[in-house]
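Subject: Structure for your review

Hello,

Here is the structure I said I would pass on.

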Amino acid sequence: MPDRLGGERALVDSLVADHAEVWDLAGRIPVGVPRELGAAGLLCAQVPAAFGGLGFTSAENGEFTAHVGSRCSSLRSVMTSQGMAAWTVQRLGDRHQRESLLAELTSGRLAAVGFSEPDAGSDLSGMRTEIRREGDDTVVVDGHKVWMTAACYADLLVVIGRFDGGAAAVVVPASAPGVQVSKVADPLGCRAAGHADVTFERVRLPVSSVLGGVGQSLPLLLTTALAYGRFSVAWGCVGILRACLAATATHAAHRTQSGIPLARHQLVGRHLAELLVDERTAALACERASRCWDRGSPDLVIETVLAKHVSARNAARGAASAVQVLASAGAQDGHVVARAYRDAKLMEIIEGSNEICQLLLAEHAVANAAS
Ligand code: FAD
């Protein structure tokens, strides 16, 4: 891991300390924590220095994301939302929007991103949220987004909706009249990530709130934002696996049954071996995807899907093994492996579920064979 991350990791360690369990049980992170990381530029560390960011390479940003994920998946989820918002602004915003919004996102203001709707989940072409012009200077947003991660903490909501015969991303202040944020009660995992359902009722905004100012194709817009989300979730899952591996190896080395440490029972050893393999293969897939991001390779989209799929699947499987090995010692809500078990399952659903990733990978395999 590059040395330059030492200070950043230490900041995360000091802020999270031993609070992740309490945050999970309370369903809330004190908002000062993401604000402090955000003000240090660390919630979207890939933003170039020219826009006030830290200019991390994708590999550095990935390793940092894994570190946060190993400590607290809820905080990492907040970071994923911020990074996705920043990447969407960076890719789709005009020069003025990039300068002003990225400065906000690297100085402590928090953001969430909304695609999903009650009737548009895996198939986002069913999206109904409408962004329409009213006169020359104003747009009006009407719609309903669900499960927006970090929306309970966010100052800015990046909302994807229908616009001008295509689609657009619009940046909505969470405090704008007509915006209502309702916390999702008792999520299965990442309980402190601030998930919320958000309604927009005749929300009037200056037309300059539309990123890039014009309608875009919905698939292009989704691919842009989701690519970053998948990258971040993939590395976050590597963090989950690292936390599970550390907890499981330590427990199996010290707990004795039938006169020998658990780790020397071969069936327990197999769990440890598989957990190590899951962590290493997930990290390798993420490193490969990051190399594509750092080179600007067109393969970054599919390699990121692959990394997300491998990492989420491995994290769900690895966390289940970790709970199995710790047994009653890890079977209490809030325990690192219990949290990992719940958090990792959700990673198989979001940013393209296992099935959607498999469909994309299958399509890629067929296209490659045909070319
Ligand atoms: P559905 O689309 O109804 O799918 C149900 C099941 O059917 C899944 O297993 C799916 O894989 C499968 N399926 C669906 N279509 C197909 C198909 N064509 N072929 C094969 N299988 C299929 N949304 C946001 O916009 N912003 C966020 O920040 C955000 N954060 C989230 C955080 C969490 C913890 C969760 C749980 C969700 C979040 N979401 C967010 C929503 C998330 O993106 C959706 O849950 C996800 O896209 C799946 O949609 P769905 O839940 O409606 O499931």
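A pocket here is an open set of grid points, each a place where a 1.4 Å probe fits, with protein on both sides within 12 Å along at least five of seven lines. The model is a predicted one.

The largest pocket holds about 1,200 Å³ of space. It is lined by 42 residues, and Ser116, Leu124, Leu226, Glu351 and Gly352 are the closest to its centre. By class, 24 of the lining residues are nonpolar, 13 are polar and five are charged. Helix H7 (218-254) contributes the most to this lining, with seven residues. Other elements that supply at least two residues each include H5, strand S1 (111-114), strand S3 (138-148) and helix H11 (354-370).

Around the ligand there are 18 residues, of which Phe115, Ser116, Ser122, Trp147 and Ser353 come nearest.

- Ser116: an N or O atom of its side chain is 2.7 Å from a nitrogen atom of the ligand.
- Trp147: a polar backbone atom is 2.9 Å from a nitrogen atom of the ligand.
- Ser353: a polar side-chain atom is 2.6 Å from an oxygen atom of the ligand.

Last, Gln90, which sits in helix H5 (residues 73-92). Gln90 counts as buried because its relative accessibility is 18%, and the cut-off for buried is under 20%. Beyond its neighbours within four places in sequence, Gln90 is in contact with Val47, Pro48, Arg98 and Leu102.

Regards

Terms used
Residues are numbered from 1 along each chain as its sequence is written. This is a predicted model: local features need pLDDT of at least 70, side-chain atom pairs count only at pLDDT 80 or more; totals for chains, interfaces and linings use all residues. Side-chain values use heavy atoms; hydrogens and water are left out. Helices (H or I, at least four residues) and strands (E, at least two) are DSSP runs, numbered from the N terminus. Buried means under 20% relative accessible area, exposed over 50%, partly exposed in between (1.4 Å probe, protein chains only). Contact means heavy atoms within 4.5 Å. On a 1 Å grid over the protein atoms alone, a cavity is a set of points where a 1.4 Å probe fits but cannot get out, and a pocket is an open set with protein on both sides within 12 Å along at least five of seven lines; lining residues have an atom within 4 Å of a point. Grid points are joined across faces, edges and corners, and a volume is the space filled by probe spheres set on the points. Ala, Val, Leu, Ile, Met, Phe, Trp, Tyr, Cys and Pro count as nonpolar, Asp, Glu, Lys and Arg as charged, and the others, Gly among them, as polar. A residue is near a molecule or strand if one of its heavy atoms lies within 4 Å of it. A polar contact is a pair of N or O atoms within 3.5 Å; within protein, one must be able to donate a hydrogen and the other to accept it, and residues adjacent in sequence count only if both atoms are side-chain atoms.
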